[in-house]
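Here is a short report for a reader new to this structure. Please look over the sequence and the model before reading on.

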Amino acid sequence: MAVKRYGVLSLILLLLVAWQAVTSFFRVPEFVFPRPLSVARALLEMLSNGELYRNSIASLFRVTWGFYLAVATAIPFGLFLGRQHQLRAILNPLIQFLRPISPLAWIPMALMWFGIGDKPAIFLIFLSSFFPLIVFTTSSVLNIRTTYLRVAENFGFKGLRLYMRVILPAALPDIITALRITLGTAWLVIVAAEMIAVKSGLGYLIIDARNSLRMDMVVAGMVVIGAIGLVLDNIIRLLERMPSVEWSRVRR
Amino acid sequence: MSKIEVTGLRKSYVERRRRKRFLSQCKQYEDCQVLDGITFSIPAGTFACFVGPSGCGKSTMFRIVSGFERPSSGTVLIDGQEVTGPGSKHVCVFQEDGLFPWFTAAQNIAMGLSKSSSSDVAKKVEDYLELVGLSGFGGHYPHELSGGMRRRAEVARALITNPEILFMDEPFGALDFVTRLQMREEMVNVHQMFDMTILFITHDIDEALQLGDRIIMLSDRPSRVAWDIRLDDPHPRDLSTGHLSRLRKEIYYRMGLHVAL
Ligand SMILES: Nc1ncnc2c1ncn2[C@@H]1O[C@H](COP(=O)(O)OP(=O)(O)OP(=O)(O)O)[C@@H](O)[C@H]1O
Ligand SMILES: [Mg+2]
């Protein structure tokens with residue numbers, strides 16, 4: 001554990017030093033590739049004037065709502081769909097048709113329907129998570145071992161009890177993986193959406209900084225996006241530590 | 001009256017071989033017959049062992065008799081009633097691990113009980129854990145138990161439902177020799193303690209000879225009943241001498257193993 005932590009820290013340090021060295025040595029102009037020190041300065045500046053905090057909260061607010069709405073609808077629906085073979089055969093083409101349409105392509109429609117503000121952004125995040133989550137959840141239900149389903153049938157599990165005590169727990173490890181992937185995508189999409197559709201958030205911060213030619217602030221924004229993405233992923237990974245999910249990582 | 005009455009059970013799986021041709025898909029079907037008219041009848045309270053070569057259709061027959069699959073033809077009667085689906089009267093211990101890995105051993109065992117007050121459940125689960133020698137392991141998840149312990153927990157989960165019929169498909173096949181001997185002994189005790197009919201698949205002839213009141217030998221695929229043996233020797237049984245050892249030789253011989261083992 002300690003080795004891993006020191007390893008990661010030294011790698012980061014090494015990269016920072018190399019970055020500073022290379023940009024100074026070749027005299028790369030600040031507006032092409034700002035140095036780590038100026039990025040750090042920009043970070044501090046945006047931290048102290050509260051801009052970073054405000055915009056991060058704005059982005060997180062949208063992602064949280066959009067993502068939770070998708071989780072709350074797509075997972076139950078996906079679980080259900082995994083068990084309904086005929087309904088799945090009917091709906092699958094539609095889902096597979098809508099899924100590859102980038103959420104960003106929905107921006108004009110979203111603005112039209114929801115006006116300006118958080119709502120269209122939340123809608124886009126919802127879209128970006130909803131279809132993948134349905135597909136992942138359905139396929140994780142289809143991957144449940146037949147033996148477990150037979151045992152459940154043998155013990156008379158039916159209806160809600162079957163879903164809560166067998167289907168959901170059996171699919172949960174795969175669903176958690178899907179949540180990690182989907183939240184990552186949602187975080188990707190929010191930045192892009194904010195560059196186009198709204199006047200706040202980390203995506204807006206980056207576009208705004210670029211318009212005033214502050215590359216140091218652009219890179220600082222990127223650093224913050226990466227850091228928050230890392231934190232979000234680790235929050236979901238906490239779910240993997242639940243004792244009733246551990247089995248999936250113990251391959252026997 | 002017999003508890004289980006199986007008549008003329010046949011089962012074939014359709015094997016599909018696709019061959020792509022220009023603008024058309026030619027499907028060539030080929031039947032793979034697994035069961036070819038299995039017939040037997042088992043009185044209540046019998047410990048019936050099924051032996052037969054690997055892949056002959058023992059598990060297939062079990063899934064049909066316990067109601068998970070439909071036969072191509074033939075009937076299965078339990079208590080004179082045709083089996084249409086898995087019921088609460090009979091419980092299966094499958095060939096593969098069947099404990100729910102997301103529940104602890106105790107939760108798995110409690111699953112077999114219908115709703116009653118929680119203190120009753122806890123007490124009863126504790127009793128059954130003790131019966132299979134797992135007291136103190138109730139809080140462990142299946143992946144925290146050894147293979148033998150998992151099998152025992154699964155047996156406990158089946159027993160707690162107090163089934164009329166217990167189906168077991170090579171339950172101890174994956175265990176080491178000594179553990180298997182211990183489990184054998186436990187099964188004898190269980191059968192004497194509980195009043196139930198047991199259908200027990202095994203590929204271990206000695207296991208069948210030790211446990212069974214009946215040994216039903218299936219032939220190679222497509223399988224039929226090759227030999228139906230009744231045994232009433234008291235337990236524990238000594239297989240090294242007497243008619244049991246002769247019987248063992250005879251079974252090996254009929255399975256095509258001509259070497260005296
Ligand atoms: N769903 C299926 N589709 C097609 N063929 C099947 C199916 N299930 C089983 N079979 C075939 O039926 C035959 C018998 O399988 P089964 O699992 O019943 O054997 P078994 O006697 O239990 O063998 P073992 O002792 O190895 O467990 C096998 O040849 C297998 O290929
Ligand atoms: Mg089998």
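## Chain A at a glance

This is a predicted model. Chain A has 10 helices and 0 strands. Read along the sequence, its pattern is α-α-α-α-α-α-α-α-α-α. Its C-alpha atoms fill a box of roughly 70 × 50 × 30 Å, taken along the principal axes.

Chain A has 252 residues, and 42% of them are buried.

## Two domains in chain A

Chain A is divided into two parts: domain 1 covers 1–31, and domain 2 covers 34–251. The C-alpha centres of domain 1 and domain 2 of chain A lie 30 Å apart. Domain 1 of chain A brings 10 residues to the contact, and domain 2 of chain A brings 8.

The two domains of chain A bury about 780 Å² between them. Carbon and sulfur atoms account for 53% of that area. On the side of domain 1 of chain A, three residues stand out: W19(A), Q20(A) and E30(A) supply 67% of the area that this domain buries against domain 2, more than any other three residues. Across this interface the rule finds 0 salt bridges. It does find 4 residue pairs in polar contact. The side of domain 1 of chain A that touches domain 2 of chain A has 5 nonpolar, 3 polar and 2 charged residues.

## Where chain B meets chain A

The contact between the chains takes 25 residues from chain B and 21 residues from chain A. The area buried between chain B and chain A is about 2,200 Å². Carbon and sulfur atoms give 64% of it.

How many salt bridges does the rule find across the interface of chain B and chain A? The count is 1. E69(B) and R150(A) form a salt bridge, with their closest N and O atoms 3.8 Å apart. The rule also finds 5 residue pairs in polar contact across the interface of chain B and chain A. On the side of chain B that touches chain A, the elements giving two or more residues are strand 6 (90–93) and helix 4 (147–159) of chain B. Strand 6 of chain B gives the most, with 3 residues. That side of chain B divides into 12 nonpolar, 6 polar and 7 charged residues.

## Helix 7 of chain A and R150(A)

R150(A) lies in helix 7 of chain A, which spans residues 146–154. In this helix T147(A), Y148(A), R150(A), V151(A), A152(A) and N154(A) are buried. What covers these buried residues comes from both chains. The cover includes helix 8 (159–197) of chain A, together with helix 1 (58–65), strand 6 and helix 4 of chain B. After helix 7 of chain A comes G156(A), with a positive phi near 75°.

Is R150(A) buried or exposed? The relative accessible area of R150(A) is 18%. The cut-off for buried is under 20%, so R150(A) counts as buried. Leaving aside neighbours within four places in sequence, R150(A) is in contact with R63(B), F68(B), E69(B) and F94(B). One of these partners, E69(B), is the residue that forms the salt bridge with R150(A).

## R237(B), in a loop of chain B

R237(B) is found in the loop between strand 10 (225–230) and helix 7 (242–254) of chain B. R237(B) is buried, with a relative accessible area of 7%.

Which residues does R237(B) contact, leaving aside its neighbours within four places in sequence? They are L209(B), Q210(B), L211(B), G212(B), D213(B), L231(B) and L244(B). L211(B) is 26 residues from R237(B) along the chain, and their C-alpha atoms are separated by 8.6 Å. The side chain of R237(B) reaches two backbone oxygens. That of L209(B) is at 2.6 Å. That of G212(B) is at 2.9 Å.

Definitions and conventions
Residues numbered from 1 in each chain as written. Chains lettered and ligands numbered in written order. Predicted model: local features only at pLDDT ≥ 70, side-chain atom pairs only at ≥ 80, totals over all residues. Heavy atoms only, no water. Helix = DSSP H or I, 4+ residues; strand = E, 2+ residues; numbered from the N terminus. Buried < 20%, exposed > 50% of the residue type's maximum accessible area, 1.4 Å probe, protein only. Contact = heavy atoms within 4.5 Å. Domains from an automatic or database assignment. Buried area = accessible area lost by both parts, 1.4 Å probe. Salt bridge = Lys/Arg side-chain N within 4 Å of Asp/Glu carboxyl O. Polar contact = N/O pair within 3.5 Å; in protein donor to acceptor, adjacent residues only side chain to side chain. Nonpolar A, V, L, I, M, F, W, Y, C, P; charged D, E, K, R; others polar.
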